[in-house]
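Look through the model below before reading on. The questions after it go from one residue pair up to whole chains.

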Amino acid sequence: MNLTLVLATLRQRFTSPIRLVIMLLFGWMPMVPILMAPRTGFAALGDCYFLALALAAGMIGQDLSSGTLQLLLARPVTRAQYVFSRWGAVATGTFLLVVLQMSCAAFIMLVRGVPVPWDQAALHLGNSALLALGTAAVMALLSSLAAGLGDLGLLFTVFLSAQVLEKVGMFKSWEWLVRGAGELLRGLKPELDLAPFLHGGPIAWFAVVAYLSTVTLCLGLAVVVMNRRELSYASSGN
Amino acid sequence: MDGIRIESLTKTYRAGQVRALDGVSLEIAPGEVFGIIGPNGAGKTTLLGCLLGFLRPDSGRVSIAGREPDDLVIRAVSGYLPERLTLDRWMTGLDFLAYHHALARLPAAGRAAEVEAALARVGLDPEAGHRSIRRYSRGMLQRLGLAQALLGRPRYVFLDEPASGVDPAGVVLFRRLLDEVRAGGTTVVLNSHQLDQVERVCDRVAFVKQGRIEALETLHAGAAMARVLRVRGPAGTIGEAVPRAALEQAAQRAGAELREVSPPLARFAVPDDAGAVRLVQALVAAGVPVAEVTPEEGRLERLFLEDGPPGGPA
């Protein structure tokens, strides 16, 4: 990972007015239930999926479409470093937003005289970190495939296709199709619930392996796609 | 060798339907300023893309100081200015230079001073450095791009249309910077349509057409007959009262070359400005009535015209 690239990505993402508005929307909406019923705790915040999407959208694709990638890759930076730096920056940014969100929620609870459930806070933080890392990996792959904000389009298309396939499978009673579509949907939102770990329950190894394999596969494929990509306006969009 | 070596480079697009480069071989010596010219669609940008490691050739090889062009060791000592300059517009000019200074792995210790010096070097004032890039004019962007390419005194510089959109003062500055870079021993590859600029700054030029190198011209040391002068006399003189032999003798004395006689005009090739002065003096001394002397198109323009009008696939 390249620290200069990570910091530049974070700065770029957090200075975009449109992104800021979207992040504000997704970040502050969950505060409403906390304000109304502070005893619901951090569970009311929901997950950070949409925050991660807001930060990740176009993470590579926008560099491809704008032409800034050429200048960047003329520097001593490998394409793998570039992909990992973008992934790391988006995951870090999402995690920082979650920390900010939780700090505000904790503040509201304290002001309203409700004790802060610290064990729940640790769980929420851990789950959010894993979801941020997973979502950023999926978006890194989709963004390496499509220029501009095409990654969001791809995400939506895959999501919609998986939903349709699932429904078709259910209608036709094709178990394999329902299962395959379900895996595809889970692949779009790689998450791992840390509750069993924190509460001393049995470890769901399948979930751990599925999460890790999704993240590594997405990042690996993103690097392969970027390594194969040719960069030139003379190459007819290649 | 520390120079650039291109061996039988071939590159096609659209599953081989468009042949952008067709067996290009070249050697660029260390410290040389090398120009690539040619009509649109000739393969110049593709050649530059292969030199930078952005494009993978179908066959052939590019090596820079014996390494692959995308080797990080080479990238650490290279600078690049693309033709379609798109910068990170959310940054200020100084931020942008500091960002590339860091990406180039240059020491962080003197970063602030170095990026300010780089900005001043391309004639941008410190106030502009603190301004957001989205407020820069086309010429300012080009200057900033050039400052970025020259950060850290690179050993190899690749410039794609560096003076496009730059005002005349910027063009002069660009030439001065290239002279400085050349004096520092940097190898420069320059892709440009501005033939007069190429002619002034390059040591050698490759004329690329339909993916092939049609001609290699040496412009500096040892370059012969770089300019053509058209000499016109009053009616009935040149080519009539003054025979071709007399014009040839005068040209010989001045170290020039008679190219063509078409009364009342004669075309002479001269090596440089001093050669032009010598020719006029020799003609006057020989009693040739000279009414008008006008320079013809530059040497590279002639190369373009002699090879047919620009065209080819886009």
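**Strands, domains and contacts**

Q: Which residue stands opposite B:Ile6 in β4(B)?
A: The model is predicted. Strand β1 of chain B covers residues 4-13 and runs antiparallel to β4(B), to which five bridges join it. In β4(B), the residue opposite B:Ile6 is B:Val62.

Q: In what order do the strands of the open sheet in chain B lie?
A: Strands of a sheet pair through backbone hydrogen bonds, either parallel or antiparallel. The pairing in this open sheet of three strands is antiparallel. The edge strands of chain B, β2 (18-28) and β4 (59-64), each pair on one side only. The order is β2-β1-β4.

Q: How far apart are the C-alpha centres of domain 1 and domain 2 of chain B?
A: The domain assignment gives chain B a domain 1 spanning 4-218 and a domain 2 spanning 227-297. The distance between their C-alpha centres is 40 Å.

Q: Which element gives the most to the side of chain B that touches chain A?
A: On this side, 27 residues of chain B are in contact with 22 residues of chain A. At least two residues each come from α1 (44-51), α2 (72-75), β5 (78-81) and α3 (93-103) of chain B. The element that gives the most, with four residues, is α3(B).

Q: How many nonpolar residues does the side of chain B that touches chain A have?
A: The residues there are sorted by class. Six are polar and six are charged, while the nonpolar ones number 15.

How values were computed:
Residues are numbered from 1 along each chain as its sequence is written. Chains are lettered from A and ligands numbered from 1 in the order in which they are written. This is a predicted model: local features need pLDDT of at least 70, side-chain atom pairs count only at pLDDT 80 or more; totals for chains, interfaces and linings use all residues. Two strands pair if DSSP finds at least two bridges between them. Domain bounds come from an automatic or database domain assignment. Two residues are in contact if their C-beta atoms, placed from the backbone, lie within 7 Å. Ala, Val, Leu, Ile, Met, Phe, Trp, Tyr, Cys and Pro count as nonpolar, Asp, Glu, Lys and Arg as charged, and the others, Gly among them, as polar.
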